[in-house]
Amino acid sequence: MRVAVVGGGPAGTRAVEVLVRAGYRPLWLEEAAAHGGRIYQRPFAATALGGDRYGPDSAKAAAIHALGDRLRAASDWRAETLVWNLRPGLIDTFRAGRLETEQADRVILCTGAMDRIVPLPGWTLPGVFALGGAQIALKVHGVAIGARVAFIGTGPLLWLVAAQYLAAGISVALVLDTTPFSTKARAAAGLLAAPSTFARGLALLARLRLAGVRVIEGGTPVSIEGTEAVAAVRVRDRAGRELTLACDAVGLGFGLKPESQLADLASVPFRFEPAQRNWVPEHDASGRTPVGGVYVAGDGAGIAGAVAAELAGARAAWAAIEDSGGAVAAEEVARLDRAIARLKRFRCALDRAFPYPAWLAARTPDSTILCRCEAIAAGALRKAAEAGHVAGGADELNRAKAFTRIGMGRCQGRLCGPPAAEILAEALGRSVAEIGRLRSQPPVKPLPILPEAPR
Amino acid sequence: MRLVRCAGADRPRLRFTLDGAPAEALAGDALLTAILTNAGHVRQSEFGDGLRAGFCWMGACQDCVVWVEGVGRVRACTTPVAPGMVVRRA
């Protein structure tokens, strides 16, 4: 049996570990130069940055790095390899300027996640970066996105990145969390399912407030101001008072969304996860999808965090081993299942504590750029929705894409997809689940035009 | 806008060319870091709505693409800068 693992983050690394331990030599495909994923991404110059770049997760990062280093020789490790399409039993890759097709009987997709956005007026200005990107800039590249930074969004990452910037000596102009304090307080009991993580979160909040950072919970971002670069942010506080705060950069992020295009291309059905307000590939607790031989694990299967990703990667590998008739370590699998269930309770509370502000996305001003690839404004989508009152109109997201080109740009709807669905749902008076999701297309990322085609 | 260096500033310096002018970066920099410590943007939007400077830093948004002589179009956030690299902003 040939098993392929796509992705070298926490889930992929643990999946490869289990497979190697069980005597397999998996094909291990990673788009980046090194394993670690985005959460534990390594700098290009391995020793250059030094210091405690992964913060409280340094021990976990070091463990994944060391494990992956050891597993490279025991697996068929392919770095800098983009998986751009999946077909039954076949994996289409692009590596070192060449298209290649690999065969695999089973494939475990550990494709991770990315930032989820609400577009604001001015969000395409130089100096506005995704929140996770702002963190990668600091921890991987040793640079801050600006000298005075505003952080706008919601989610635990918002507070973590702001605190990391503060610790790096950067001036934090603002932390605006669209979620009110009361919403978070209601989820507190559930968050105690992971007491140390919860305590760490509270300590972050305290540190930011102690440092005198302006914090607005339950606020509304209005716009990002500037002509050729960020100059200020305009926001409203909980009482509705408008403030303009000078800054030269903005970190923007409203939770994460799965990078699940490959599961889509493998014909895995998707379901809408209302708590996360994300579409996720269908799978059971072991990572099995309804498509035989295709498994999903980690944040690419639904946002659960890096710790859960390690467990899910290992669990999916055991499922693949079991399905191909291999011997399964039953006690270890039971332990994994229990740990995954425990973390799921914590994640449910976290989802309640930091909901995606669908209301804010739905009211994106008509003139605001929604699709940054093709500079298409939100009003164009609303116009298409109006046309939907006649037969053949934009009554779901893929038809709206055909009418407006939203989602046809280089990022293939990764950024505009979720807010576009909210805008269309509001315009049509339907639920966002009914609006659907943008279907994935190969290649899942841009490829250079080459004179050869895959076999 | 300019990126602010917070760590690893003691790495060896290297020279590259940005839009025909000499520029300096540090060994191990991503091309995005190298450009945005020298200049305020990486590209113009093809649709006339102004300057762009990348966004996601994780190879997903494709908003930091630049041209490298002899290589072609690359994502600046996932490409390491190299000595002598000739970079053209789109």
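## Contacts and overall build

Two residues are in contact if their C-beta atoms, placed from the backbone, lie within 7 Å. By that criterion, among the contacts in chain A between residues at least 6 apart in sequence, 67% join residues at least 24 apart. The structure is a predicted model, and the values that follow are computed from it. In chain B, residues 24 or more positions apart account for 41% of the contacts with a separation of 6 or more.

Chain A holds 15 helices and 23 strands, and its C-alpha trace spans about 65 × 55 × 45 Å along the principal axes. A compact globule of 455 residues would have a radius of gyration near 23 Å, and the 22 Å of chain A therefore agrees with that expectation. Of these 455 residues, 55% count as buried.

## Chain B

Chain B has one helix and eight strands, which follow one another along the sequence in the pattern β-β-β-α-β-β-β-β-β. Its C-alpha atoms fill a box of roughly 40 × 30 × 20 Å, taken along the principal axes, and buried residues make up 50% of its 90 residues. For a chain with 90 residues, a compact globule would have a radius of gyration near 12 Å, and chain B, with 12 Å, agrees.

## The nonpolar core

The largest nonpolar core has 178 residues, and the members that touch the most others are A:Ala15, A:Ile108, A:Ala144, A:Val149, A:Phe151, A:Ala297 and A:Leu424. Helix 9 of chain A, covering residues 306–323, gives the most to this core, with 12 residues.

One of the members named above, A:Val149, can be followed through its contacts. When residues up to four places away in sequence are not counted, A:Val149 touches A:Ala144, A:Tyr165, A:Ile170, A:Val172, A:Ala173, A:Cys247, A:Ala249 and A:Gly251.

A:Ala385 lies in helix 12 of chain A, residues 378–387, and it counts as buried because it has 24 C-beta neighbours inside 10 Å. Between A:Ala385 and A:Gly155 there are 230 residues of separation in sequence and 30 Å in space, C-alpha to C-alpha.

## A parallel sheet and the helix packed on it

In chain A, five strands form an open sheet in the order 3-2-1-7-21, with parallel pairing. Strand 3 (76–78) and strand 21 (294–296) of chain A stand at the edges, and because each has a single partner strand, one side of each is left without a neighbour in the sheet. Neighbouring strands of this sheet are turned by 15° against each other on average, direction ignored.

Within the sheet, strand 1 (residues 3–6) and strand 7 (residues 106–109) of chain A pair in the parallel sense over four bridges, and A:Val6 stands opposite A:Leu109 in strand 7 of chain A. Helix 9 of chain A packs on the sheet, where it touches strand 1, strand 7 and strand 21 of chain A, and its direction makes about 170° with that of strand 7 of chain A.

## Helix 1 against helix 9

Two packed helices are described by the angle between their axes and the distance between the axes. For helix 1 (residues 10–21) and helix 9 of chain A, the axes come within 7 Å and cross at roughly 35°, and helix 1 of chain A passes helix 9 of chain A in a right-handed crossing. The residues that make this contact include A:Thr13, A:Arg14, A:Ala15 and A:Val18 of helix 1 of chain A, and A:Ala309, A:Glu310, A:Gly313 and A:Trp318 of helix 9 of chain A.

## Backbone exceptions

Most residues other than glycine have a negative phi, and most peptide bonds are trans. The peptide bond from A:Pro442 to A:Pro443 is cis, with omega near -5°, and A:Pro443 is found in the segment after helix 15 (432–435) of chain A.

Phi is positive, near 70°, at A:Ser267, a residue other than glycine, which lies in the loop between helix 8 (261–265) and strand 19 (270–273) of chain A. A:Ser267 has 13 C-beta neighbours inside 10 Å and therefore counts as partly exposed. Phi of B:Asp19 is also positive, near 50°, and B:Asp19 is placed in the loop between strand 2 (13–18) and strand 3 (21–26) of chain B. With 13 C-beta neighbours inside 10 Å, B:Asp19 likewise counts as partly exposed.

Technical notes
Residues numbered from 1 in each chain as written. Chains lettered and ligands numbered in written order. Predicted model: local features only at pLDDT ≥ 70, side-chain atom pairs only at ≥ 80, totals over all residues. Core = buried A, V, L, I, M, F, W, Y, C linked by C-beta atoms within 7 Å. Buried ≥ 20, exposed ≤ 12 C-beta atoms within 10 Å, placed from the backbone. Helix = DSSP H or I, 4+ residues; strand = E, 2+ residues; numbered from the N terminus. Pairing = 2+ DSSP bridges. Axes fitted to C-alpha atoms, helices over the stretch in contact; angles between N-to-C directions. Rg over C-alpha atoms; globule rule 2.2 N^0.38 Å. Left-handed = near helix turned anticlockwise from the far one by under 90°.
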